[in-house]
Amino acid sequence: MQHFAALLDALTYTTGRNAKLRLIADYLLATPDPDRGWAMAALTGGLDFPAVKSSTVRALMHERVDPVLWSLSRDFVGDTAETASLLWPAPATIDVTPPPSLDEVVGRLSAMTRQSVMRDLPLLLDRLDEPGRYALIKLATGALRAGVSARLARTAFALAFAVPIDEVEEYWHGQQPPYAPLFAWAADGAPPPRTDHLPLFRPFMLAHPLEETEVDLADYVAEWKWDGIRVQLVRVNGETRAYSRSGDDISASFPEMVAALPVDAVLDGELLVRGSHQGGESGGAASFNALQQRLGRKTVSKAMLANYPAFVRLYDVMVLDGEDLRPLPWTERRQRLESLMEHLPASHFDLSPLVEAPDFAALAAIREGARDEAIEGLMLKRRDSPYVSGRRVGLWYKWKRDPLLVDCVLMYAQRGSGKRSSFYSDYTFGCWDGDPDQGADLLPVGKAYSGFTDEELALLDKHVRQNTTQRFGPVRETTRSLVFEVAFDSVHTSKRHKSGLAMRFPRIRRIRWDKPAHEADRIDALRALIKD
Amino acid sequence: MSAPFSWIRPDPHGIRILPANAWIDPARPVDRALVTHGHADHARGGHGETIATPATLAIMKLRYATSAGAIPVEYGETVALGGGVSATYIPAGHVLGSAQILLEHAGERVVITGDYKRRADPTCPPFEVTPCDVFITEATFGLPLFTHPPIEEEIAKLLARMGAEPDRCVLVGAYALGKAQRVIAELRQAGHHAPIYLHGAMEKMCHLYEDFGVGLGELRLVADTPKDEMRGAIVVCPPSALGDRWSRRLPDPVTAMASGWMRVRQRARQRGVELPLVISDHADWHELTRTVEEVNPAETWITHGREEALLRWHQLHQRRARALALVGYEDEDD
Ligand SMILES: [Zn+2]
Ligand SMILES: [Zn+2]
């Protein structure tokens, strides 16, 4: 447990992604089974101990610490687990039992009931030092918050044992903590765990941006890139799951899609909801904002299902009736997908159409003319390419629509992390809420930390320091003097922002050192671009 | 016969000794000030007379460039202030020159601690328990969650990190008066004899410590040093220089911070600290409460810090206490 506690603390104080990967990888290499498996489960949110609640910890502390001193301390620290770990009194008798291993901790926490927890949790706390108690309470109450995503933890696993991340992702989903077969495979060279009999996530094939490349349409096929969320529907032995691009199981949010798939298959498509966008290329798909109403829900009401009905626009078929089609060229998979369509209910599935053009220039013209908001751009797929996981050069390209542009004024700058920790590199910018010459104010409309070179960053940093009006911790407010040309993919209404709107993927396109701030855009100009 | 302790009065800007027309650590210029130690929130400039230890006076001269009206008092020495009040300066163990002040008047004894700690510190003599009727204490770390670990453990952490990062330097943010010199002296005691690199703002204070006999080993200025020389080394700077542009001249620094606040993870994270070092020159909760028990005063007055919790502790232990609500003291010198 102390090693896990040390890992947790080290992760707390580390901001860089690579440094976090290294910390987890080193831990996995140095820690025996099954502790390292439990640690992976803890980091990826795969453990649950229903008997231990935050209120349990508070009740234990009230038995041990004066309630006034407790609440003063809790208010200062701001976190119950940390306050309890700091205030836990040393046991009356010196405990000779050695600190528990993570395996012992998991075993004991699992065995606790509502009745036994008030007696058994203190026995564990008594055997640990402060970092150990902190880790124990965080683990037990399911609020680890180490700033580590499940994906990052699995990437660290791949790094530790030098195995491909795609294989890790594929095998991971069928395994239960503490993942003995996975460690046997990755660390000791045992055969990989079998996955073909389970409705598991298969890593997606991804695309590179097209940039300046031109492709020959004899080799590549074009298809619209839809503005929904990439989804994988998996049905094995009659059991169906829906997975997001990162491999998260989103079946509970889209029960109608899970119910709608009538054949054993693995399908790749875009999850969309039907909306008022009639006609056009979108065939009735609503905007991304409508889809967002459906995301992240554990249960879905009838009204939700009726108001925002989901469907999947299919791109590809990876497995059909137990046959893995991924090694086949795209042309053959497309044929199989087209003939599969007649077995799928049209209420919930349609086929992403191909975009026909005689040559690349004609295709570019079609892309320019696409006005549908549900279209993000074009996909270009090599006709003879198998379905391979991840991003491979030359197989799939995404060719996004030209971004929308708006001129904004820098308002706040925040220091970055890692290599950028001495630079003000994260910028909040705003648009005028009226005529700036008549006393209008700026309303923040977005935040960006990319789109500039290192040289430009140094100049921006200097500008921020020389034009600071107020400081709030790592944030500086600046004079309203610098204009950014901001590029973004779309803009939507948002209740969370004071300006009432939110940009998708804003980035700094150009720094307009030359442009006076009062000539920056007004919020109305941005509002006019909303297509919710 | 006046009421007990009516000759000493806590005003918002300091503690006043009425019969002697003098103040303790006043927050604004006065005719006559008794100063406990050199931290800026206690030792302000511009007083007519300043009565303090020689080291505190030297620190004030360094900061305010004048020693007009300076009246030195050695530890253990008693001075008559007039009006029947005498003052004795007693080590407080906080920083070089720091003193508690024992005031005596008409058979009543009052001790003002200034800031203090109970741990050993190679840069100043230890706190001495002085019996009194009224004990006027600080409470900077007056919450039961504050337990400062042994400094040897924190120094070992610092040295281990330095050893583990041969291509980087470890940049330790430490208050320029006291904390920085204590960390350096403790590193020397732990057997670290390599040069330690300093931010320019610390140079003079380190020299002052050496003039008062505190050996700090070989110190070099970052400004005079090529970047590569500082790889695998320790650099000390004021907390305000962490994450400042100044740090770009260092080789990929690991950000460390030596402060009692580092006990709380969120505090360390807010400051972007990678290596929190729980090192404080103030008494932690256990030292505060133990000190009250050892001094065993009839009454405790609390000057600054988290006084609510310490008041509550007095209540739970049937002891008399009051908070003075003085202004102008900050927790900066943690
Ligand atoms: Zn002080
Ligand atoms: Zn103070």
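Start with the charged pairs: six salt bridges are counted between chain A and chain B. The model is a predicted one. To see one of these bridges, select A:Arg465 and B:Asp244, whose side chains meet with 3.6 Å from N to O. Polar contacts can be looked up next: six residue pairs, both partners at pLDDT 80 or more, are in polar contact across the interface of chain A and chain B.

Now colour the side of chain A that touches chain B by element. The elements that give two or more residues to that side are these:

- α1(A), residues 2-12
- α5(A), residues 67-77
- α6(A), residues 80-87
- α9(A), residues 130-141
- α18(A), residues 454-466

Which element gives the largest share of this side? Select α5(A): six residues come from it.

Next, show both sides of the contact together. Chain A brings 23 residues and chain B brings 28 residues. Between them the two chains bury about 2,400 Å², with 58% of that on carbon and sulfur atoms. Select A:Tyr13, A:Leu69 and A:Phe76: this trio supplies 32% of the area that chain A buries against chain B, more than any other three residues.

Display strands β7, β8, β9, β10, β11, β18 and β19 of chain B; they form an open sheet of seven strands, in the order β7-β8-β9-β10-β11-β18-β19, with mixed pairing. Where are the edges? Select β7(B), residues 78-82, and β19(B), residues 321-323; each of them pairs on one side only. On average, neighbouring strands of the sheet are turned by 25 degrees against each other, direction ignored.

Zoom in on β11(B), residues 134-139, and β18(B), residues 299-305. These two strands run parallel and are joined by five bridges.

Then select α7(B), residues 307-316, which touches β11, β18 and β19 of chain B. The direction of α7(B) makes about 160 degrees with that of β18(B).

Key: Residues are numbered from 1 along each chain as its sequence is written. Chains are lettered from A and ligands numbered from 1 in the order in which they are written. This is a predicted model: local features need pLDDT of at least 70, side-chain atom pairs count only at pLDDT 80 or more; totals for chains, interfaces and linings use all residues. Side-chain values use heavy atoms; hydrogens and water are left out. Contact means heavy atoms within 4.5 Å. Buried area is the accessible area (1.4 Å probe) that two parts lose on being put together, summed over both. A salt bridge is a side-chain nitrogen of Lys or Arg within 4 Å of a carboxyl oxygen of Asp or Glu. A polar contact is a pair of N or O atoms within 3.5 Å; within protein, one must be able to donate a hydrogen and the other to accept it, and residues adjacent in sequence count only if both atoms are side-chain atoms. Helices (H or I, at least four residues) and strands (E, at least two) are DSSP runs, numbered from the N terminus. Two strands pair if DSSP finds at least two bridges between them. Axes are lines fitted to C-alpha atoms, for helices over the stretch in contact, and angles run from 0 to 180 degrees between N-to-C directions.
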